[in-house]
Structures are given as C-alpha cells and as structure tokens.
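This report goes through one protein model, topic by topic. Please keep the sequence and the structure at hand while reading.

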Amino acid sequence: MNVHAAALAHTLPFDEQTSAFAGDVIGNLSQFPKRLSPKYFYDAAGSELFEQITVLPEYYPTRTELGILRSRGDEIAALIPKGAALVEFGAGATTKVRLLLERCDFSAYVPVDISGDFLNAQASGLREDFPDLGVYPVAADFTAPFELPAEIADMPKVGFFPGSTLGNFEPHEARAFLRSARDILGEDAQMIIGVDLEKNERVLYDAYNDAAGVTARFNLNVLVRINRELGGNFDVSAFMHRSIYNRERHRIEMHLISKKAQSVRILGRNFSFRPGESIHTESSYKYSLDRFTVLARESGWSVRESWTDRDQMFSVHALMASA
C-alpha cells in the first residue's frame, strides 16, 4: 500500500482494495503529466464494456487470437502435462480459456482477477460446464504477488495470459510481471501467452477508435468509477477519448482529454485541468517476434513454440520457466 493509500485508509471506511485504488488515483493525478493505471478500467461495467470491444469489427486481437487457439489447439495440448492446474492472470470472459480446457487434460483452473463479482460469475458458469474440473477463483491484483490455492499445490502449473494485456505494461513492468508469474507458478512451470504484433498503423488506429464509440465509453468509465467509489466529481462529459499511435515507442496510447479549464475534487484534493490537458490511461505496446523472445529470456522464460495467424497480426507463445 502506498503512502496515499495508507493515509486514506486511516480516515475513510475503505477496504484494502479501495484504499489502494484511492492512493493510486491521488498519486497519479498529482503527477505531470497526469495518468491513471489501466488496471482500474475493470470494474463490473468496464469488464462488460471490454467484452463488447472484443467483438467489434475494428478490434482484431480477440478474433485473431481465438483463431490461433482453435487451429493450434492440438499442438498446445501436446505441450501441457496431464493433470496440470491452469492459472489465468487477469481472467475475463471464459471464451478463450474454454478452448484450452476442452483440448487439454487440466485438473484445476484458477482464474485471477481484480474484479471479484465478474470473476465469480464467470467461475460459476465454468463449474456447470466442466463438473470434473476444480475451479478456484482468486480475487487479486495479478500484477502483484498472490497466493495460489492450496488445492493445486501438488499439480504442475501452467500460466495463461491471453489477449494483448502484456502490451499494457511498460517494458520494465512487463519483465517484472513475467518474473513474478514465474515465481508464483514455481519451478518447471509453463505459460501460454498472447502478444500483439507490430502492424499497419491504420489498423491499430481503427482498433482503438471504433466507430460505435465503445472504446471511448470504456476509457471514460474510469472517471465514472472514481466518482462512484471515491466520491469524485468528474464531469465525464467534459472529457473526450483519444487514441494515437506512438511510432517511436511502438505503442498505442489512450488518453482522456479535458475539453475545458476545470477543477475536479477527489477525497479532499483538488486537481486542475487546462483545456486540452491529457490523462494518460493506457499504453499498448506492439512487439516483433524477436523483441518478445528477448523479453521472455530476460524474464526467466524460454520460448518453446510460437504461433501466428496468416497475416502475422497476433501471436501465441508457449513458454517454459528457465533454470
């Protein structure tokens, strides 16, 4: 818990998770330039909005990764030890994990996500459809150390990190996450991970600026969440969504742009905004296959296999913990 969260926890009836949210918001909006962590997109409303994004015609990552998992499922299954536990970091909807559960002989599934209500609803559906599978949800911030359920202690561990979430980390944060995942899963662990690839900039722009405006609502929802959970007074209509491609840093950047000069109050703190001032809410780095291989190696993993779609839009990798 950071210093802001520690102070707030003594003065407000917040649980630990909300106190951490409060501390991060106060700390990050006090910086210049202002920013917010993308992990706070995913309250119940944000999680639902993201699921809508995944089926948009402009948003290629989900359907492309699903295609890889379907077409290469038997090859992935051949690498997985029987009776293993599948640990999904940042579990969302179960569409992707079901493809692995149907092809591989897993004994347990551990979905880990910060949005507890959404997590438990998804876990309930899996228990009905896979009655012989042990399902042990863990409500936690998957970017920080957490305890695995005792029920899977003696099982081989396989991590699952689909989507383009790795790209949301700064490169040093991506290395830290992969090292942390290796430590959590233990020796001889494996991991199946999705990585978005570099591609035509127009394709990237359209994917994060969809015509229906769902990504804009998803981005703005973090302000709605701050108002609801932290008593903020953001005028959400006074901010607009903007996504741009930063060519030099190989990343999409999402911002919330203030439409006017304004002041926002959160937990007794005032934050002033100039017209056009940005809150940087997310980066999404795009990798080449070579750059990801180097990143994995630097993080304690070796790449066993890599698969891409025909157009090399997206990639799925099977990793093995290095000695």
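Predicted model: local features only at pLDDT ≥ 70, side-chain atom pairs only at ≥ 80, totals over all residues.

## The open sheet

Four strands form an open sheet in the order S1-S12-S9-S8, and their pairing is mixed. Strand S1 (34-35) and strand S8 (239-246) are the edge strands, each pairing on one side only.

S8 runs antiparallel to strand S9 (residues 251-258), and 8 bridges join the two. Across this pair, Tyr 245 stands opposite Ile 252 in S9.

## Phe 292

Is Phe 292 buried or exposed? Phe 292 belongs to helix H11 (residues 289-298). Its relative accessibility is 1%, and buried means under 20%, so Phe 292 counts as buried.

Leaving aside residues up to four places away in sequence, Phe 292 touches Leu 166, Ile 193, Val 195, Tyr 287, Val 303, His 317 and Leu 319. From C-alpha to C-alpha, Phe 292 and Ala 176 are 14 Å apart in space, while 116 residues separate them in sequence.

## Backbone details in loops

Phe 32 and Pro 33 are joined by a cis peptide bond, with omega about 0°. Pro 33 sits in the loop between helix H2 (16-29) and S1.

His 250 is not a glycine, yet has a positive phi of about 55°. This residue lies in the loop between S8 and S9, and His 250 counts as partly exposed because its relative accessibility is 29%. Gln 312, also not a glycine, has a positive phi of about 55°. Gln 312 is placed in the loop between strand S13 (301-308) and strand S14 (314-321). With a relative accessible area of 44%, Gln 312 is partly exposed.

Conventions:
Residues numbered from 1 in each chain as written. Heavy atoms only, no water. Pairing = 2+ DSSP bridges. Buried < 20%, exposed > 50% of the residue type's maximum accessible area, 1.4 Å probe, protein only. Contact = heavy atoms within 4.5 Å.
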